[in-house]
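Trainee: I'm new to this one. Could you walk me through it, one question at a time?

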Amino acid sequence: MGLPTPLTFDPQLTRPDRLVLQQLSEEMTTSSPSASPSEDPAEPIIAKLKAANDPSDARFEPTVFTTYDHPEDTAALPSALRRILSSYTAWARTACRVETDVVFVTHLLLYFCTTLPSAILLFTRFSYVHAVFHMALQGYYMGPYTLLKHQHIHQRGVLAKRFAVVDELFPYVMDPLMGHTWNSYYYHHVKHHHVEGNGPGDLSSTIRFQRDSVGHFLQYLGRFFFLVWFDLPRYFVRSGRPVLGVKCGLWEVGSYAALALAWKVNPRAAVFVFGLPLLLLRIALMVGNWGQHAFVDEEEPDSDFRSSVTLVDVASNRYCFNDGYHTSHHLNPLRHWRDHPIAFLQARHDYAAQDALVFHNIDYVFITIRLLMKDYDTLARCLVPIGAKQIAMTHEERMAMLKSHTRQFSEEEVIEKFKLREKASSGTSSGTKQS
C-alpha cells in the first residue's frame, strides 16, 4: 500500500476548502470513505457550512470580497472602517439575488469604477503606459468576472429584482471589455457544453485529443480560436435549433462589427481595450477547459464523475467562486456556487465509488501546463486519493492511472463508448444534460 503524499494546506484556502481538505486528509489516513458510515463524521462540518449559507442563522457569513474572508479577517480593521463595511454589507445583501453574494455587487462596482473609466480614457487620451496597466488589470479581472458571468447565466441573474435592468444590461457593457463577445458564453456554455457534457458532439470536447500532447492541444486551441464563430451556430442548426444558431451567429458577428467600429475610432485603444482581452480570454478558456476535462476514464467516459475533476485549491475557489468544484457543477449546473463544498462532502462516498479525481494545490491552468510537460509526478502528488482503490495505490500507480486517463479516443472507441447516448440523440445533440 502506498502512503498518500501529505496534503498542502495553503494559508489562502477558503474556510470551506480547508474544512473539506481536513476531512479528506483524515479519511486518507484512517479509513476509506468508499461506503457511507452509519454516522457521517463530516456532518458537523456540513452543518457549519449550511449555517454560514443561511441568512436566518446567527452564523450566516456573506461573501463580501474574494481576497479575504468576512467577518473573521476584518476583525483587525479600525472601528470606523468596520462600521463602513458593516453598512455596505447590509445594503449589498438587499442588492444581490442571493444574500451570500455581496461579492458580486462588490465586483460590479469595482469594474464600473475602474475598467470602464480606464477604457474611456484610453479612447480619448491614449498612452502606452496606461494601456499596459489597463491590460494588466484586465488580466487580473477576467477570471473572477467570467465566473461571475458563469453564475449569472446559470441563475438567470445575480442582482435583486429591483436592479433587474442593471442585471440585464451590465454584460453588454462589461463583456467586450473582459474579452467576451456578446452572449457567446451563454450559448456555448449553457446551451451547448452542458448539453453535450464533453461528449462526441461537444465542440470543446477533449476526448479526441491526446491530453498530454502539445501538438494536440494547439489543434484544440486553434479550432476553437478561429472557427467557434462558425462551428457553434452550425451546431445549433444541425441539432435542430436553428433559431439559437441564428441568434448566436448574429451576436458573434455583431461583436466583431463593434470591434471594427472601435478600430476606426482609435486603433491603438481598440487593440488594448477590446482586441487583446478577446485574444487572452479565448486562450484562457481553452486552457481551463482542457484542465477541467483532461482526465477521462475510458471505462465510462460519459459519466460526470469520470470526465471532470474537483479542485480544492486557492485560485479556482477563492478568486473564482468555487470553480474548482467542476464535477459538482456538472452534476447540477443550477447549484449555487456556495453550495458546492457542502454537496461534495455529502456525496464524497459516491465520488469515491465512481473513482472520481480530486486534486489540491493546483488549478486548471497548471494542470494543463503539467500535462503538456508530461509531469505526472507533480500531478500525482497533487492528487487527493479518495476511496480504498486510490488510497491503496503507490505513487507510481497513481501516475500511471492519471496517464491512462489522458489517452486519445479513436473514432471507433467514440462510437462504442457513447453508443447509448447516440441512440437517444437526434442529430448531433444528446439533449440529456441539464442546462
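Mentor: Gladly! Let's start with a term: rings of Phe, Tyr and Trp (its six-membered ring) pair if their centres lie within 6.5 Å. Keep in mind that this is a predicted model.

Trainee: How many aromatic pairs does the structure hold?

Mentor: The rule on ring centres decides what counts as a pair. By that rule, the number of aromatic pairs in the structure is 28.

Trainee: What kind of pair do Tyr235 and Phe236 make?

Mentor: Both residues are buried. Their ring centres are 5.2 Å apart, and their planes meet at 65 degrees. Planes over 60 degrees apart count as edge-to-face. Therefore the pair formed by Tyr235 and Phe236 is edge-to-face.

Trainee: Which residues form one aromatic cluster with Tyr111?

Mentor: The cluster is made of tyrosines.

Trainee: Is Pro171 buried or exposed?

Mentor: Pro171 lies in helix H6, which covers residues 164-177. Its relative accessibility is 8%, and the cut-off for buried is under 20%. So Pro171 counts as buried.

Trainee: What span does helix H1 reach from its first C-alpha to its last?

Mentor: H1 runs over residues 15-29, a total of 15 residues. At 1.5 Å a residue, 21 Å is expected. The span in the model is close to that, at 22 Å.

Trainee: Which helices and strands do the buried residues of H1 pack against?

Mentor: The buried residues of H1 include Leu19, Val20 and Leu24. Their strand partners are S1 (309-312) and S2 (357-360). The helices they pack against are H2 (43-53), H12 (315-319), H14 (340-353) and H17 (387-392).

Trainee: What percentage of residues 146-359 is helix?

Mentor: UniProt lists this stretch as "domain: Fatty acid desaturase", in an unreviewed entry. Strand accounts for 3% of the stretch, and its end C-alpha atoms are 22 Å apart. The helix share is 66%.

Trainee: Where is the pLDDT below 50?

Mentor: The mean pLDDT of the protein is 92, and 93% of its residues reach 70 or more. Where pLDDT is low, the predicted coordinates should not be read in detail. The stretch with pLDDT below 50 is residues 422-435.

How values were computed:
Residues numbered from 1 in each chain as written. Predicted model: local features only at pLDDT ≥ 70, side-chain atom pairs only at ≥ 80, totals over all residues. Heavy atoms only, no water. pLDDT = per-residue confidence, 0-100. Contact = heavy atoms within 4.5 Å. Phe/Tyr/Trp six-rings, centres within 6.5 Å; stacked < 30°, edge-to-face > 60°. Buried < 20%, exposed > 50% of the residue type's maximum accessible area, 1.4 Å probe, protein only. UniProt positions renumbered as here; feature names shortened; annotations may be inferred. Helix = DSSP H or I, 4+ residues; strand = E, 2+ residues; numbered from the N terminus. Expected span 1.5 Å × (residues − 1).
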